[in-house]
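Here is a short briefing to read with the model open beside you.

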Amino acid sequence: MCGIVGYAGGSQAAPIILDALEKLEYRGYDSAGIAVARGGALTVKKSKGRLKVLRGLTDDGASINGTTGIGHTRWATHGEPSDVNSHPHLSLSGKIAVVHNGIIENYIELRRFLTSHGYSFVTETDTEVISQMIDFFYAGDSLSAVRNAVRHFEGSYAIGILFADEPDKIIAVCKDSPLIVGIGDGENFIASDVTAILKHTRRIFRMCEQEIAVIERSNIDVYNAYGERIEKEPIFVTWDANAAEKGGYEHFMIKEIVEQPDVIRKTASPRIKNGQVELGLKNITDDDIRSFNKIYIVGCGSAYHVGKVGRQIIERFANIPVTVELASEFRYDNPFVDSSTLTIVISQSGETMDTLYALKEARKRGSRVISIVNVVGSTIASESEDVVYTWAGPEIAVATTKAYTAQLIVLYLTALYFGQVRACASQADIDSAIKQIERLPEVVGELIESREQVQYLASLYFNSKDIFFIGRNIDYALALEGSLKLKEISYIHSEAYAAGELKHGTISLIEDGTLVIALCTYAPLRDKMISNIREVKARGAVVIALARCGDTAVAEAADHVIYMPEWEQLTMPSLTIVPLQLFAYYVASLKGCDIDKPRNLAKSVTVE
Ligand code: G6P
């Protein structure tokens, strides 16, 4: 959601900013803008729509001269997407420009205050109060104006500020919204995430709450909440810059699906040593793990779905009850967590606002917290006691695929490790699970290779109006994810049902020709699934079944069958998810949808 970029260097700033904003497109946006400082004046260009409109307005950045600037992609919250509501927002004086990610919750009160001091507003946004408040305090010293103004902001924000009268610097500040500073050679950057500036530098540091940074071409000063200068330790980002490029694929989503074997290998192999699993926890000890009496898993969207799969496996191996909750519900639910509870927080971005606040709530109540995160050094990673990284690399498509797969691997490993430590899993079970995990990259790779059948089925049904996914136990958890993938990128109405629930009302939605995707890979309940297939077929449904290798009874009951390779139950979800991802992808592709950037969605959801 909303992308921020800032550049202070020796080159023409606008083309660099536009290029970096393109790398943030995946976060989701509806308008974009840029401001550049030069010779005591600010030039601002902004417009509703895609970045190519802004490119057109600025001749690809060539028509705005200056070497210091800020840029923004906006995902509307306050005020409709429009030219005027796009960032950057100027102060009334025209001398201060601001880009902002987050929400200033007390903006109405601040507007009232500013109006009483002669300020007027041209936008419907909450952000406009930022530039005006800074203007209110500005008396020639940008740093103290920002420091005074932010004291009055309530809510969340990452802000980049440009001053006409101090044209060589950007001031950056944030609270509960991500912002990184990139350290280059004779040029420095700010950005919402590292993919934006990977081309220019890999040395970054993350801004923390209440810090203010002053970024100039050859100097960066950071101050804490007390106004003291502080040193920030840069981290070196190892992500491959090519990983954030399409590399010949039509969409990031299919590229990321294809990368899954590699992602499984990278996530699993450093954690399996001499036939044992090592999670590499630093603060949560084996004694702690033995002492926990329950686990909560929290996340949003697909991270929540992967938790539903993980629950079954952790309960089985570690013999401990696991509750999976949506982060947005957990944080307001008065959860029963205390020091004998472990909360596992799952987030690809490490920045999802609801997940972050669920984490804070858990910690406030004394729970121990491990996070499973993809972005190194992200806020959720930093706020957790321990973090287990998924080594999925940058994920650009809004609909997650490879990060989900990597999270699943970490959950298997967590189950095994806890099983080892709590001495409730036999060595034979652990050996077998490790063998499966080690072979998964090869088998997942083969499954992806043989994707023509899924592509063919997508071509038969891409015009469906409604598609239902049914499954039981782990297959139900996977159905939730399959249905989400499909609806988010193809805009086809879709729902996932626990197959046993059909008779309690939902079967009334089935009519002649309704497509039902029946997941029958969970062996213990496969007979029940055959009955459920018969139930929906009797009401006219067309059924595509996902079945275990050679399961002819399922094939006979359904209209089409996709066979999974011969495989063990434990890690079967890593296979079952692949045709579901591919089906969603090919349906959306045949419908001509904007697959990587579906409408109204954002990759990184940094508002509540
Ligand atoms: C957004 C994304 C989903 C993701 C969810 C949680 O809705 O589109 O793909 O599952 O946020 O994001 P996180 O970064 O916390 O995993």
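Let's start with helix α9 (residues 302–318), which lies across β18, β19 and β20 and runs at about 175° to β19. Please keep in mind that this is a predicted model, in which local features need pLDDT of at least 70, side-chain atom pairs count only at pLDDT 80 or more, and totals for chains, interfaces and linings use all residues. Residues are numbered from 1 along each chain as its sequence is written, and side-chain values use heavy atoms, with hydrogens and water left out.

**The sheet and its helices**

- Helices (H or I, at least four residues) and strands (E, at least two) are DSSP runs, numbered from the N terminus.
- Angles run from 0 to 180 degrees between N-to-C directions, with axes fitted to C-alpha atoms, for helices over the stretch in contact.
- Five strands form an open sheet in the order β19-β18-β20-β21-β22, with parallel pairing; two strands pair if DSSP finds at least two bridges between them.
- At the edges sit β19 (322–326) and β22 (386–389), each of which pairs on one side only.
- From one strand to the next, the twist averages 20°.
- Strands β18 (residues 294–299) and β20 (residues 341–347) run parallel and are joined by five bridges; I297 has I344 in β20 as its bridge partner.
- Helix α11 (residues 353–364) also packs on the sheet, where it touches β18, β20 and β21 (368–373), and its direction makes about 165° with that of β20.

**A lysine to look up**

- K175 belongs to strand β8 (residues 166–175).
- With a relative accessible area of 18%, K175 is buried (under 20% is buried, over 50% exposed, and in between partly exposed, with a 1.4 Å probe and protein chains only).
- Leaving aside neighbours within four places in sequence, K175 is in contact (heavy atoms within 4.5 Å) with G155, S156, Y157, E209 and Q210.

**Pockets**

- On a 1 Å grid over the protein atoms alone, a pocket is an open set of points with protein on both sides within 12 Å along at least five of seven lines; a cavity is a set where a 1.4 Å probe fits but cannot get out; lining residues have an atom within 4 Å of a point.
- The largest pocket holds about 620 Å³ of space, a volume being the space filled by probe spheres set on grid points, which are joined across faces, edges and corners.
- Its lining has 30 residues, and C300, G301, S302, K603 and V605 are the closest to the centre.
- Helix α16 (474–490) is among the elements that supply at least two residues of this lining, and α16 gives the largest share, four residues.
- The second largest pocket has about 460 Å³ of space, and of its 22 lining residues T238, W239, D240, G393 and P394 lie nearest the centre.
- In that second largest pocket, α7 gives the most to the lining, with three residues.

**Cavities**

- Across the whole structure, a search finds four cavities of 30 Å³ or more.
- The largest cavity has a volume of about 160 Å³; Y26, D193, Q348, S349 and V375 lie nearest its centre, out of 17 lining residues.
- The second largest cavity has about 90 Å³ of space, with C2, W75, T77, H100 and G102 the closest to its centre among 14 lining residues.
- Strand β6 (residues 96–104) gives the most to the lining of the second largest cavity, with three residues.
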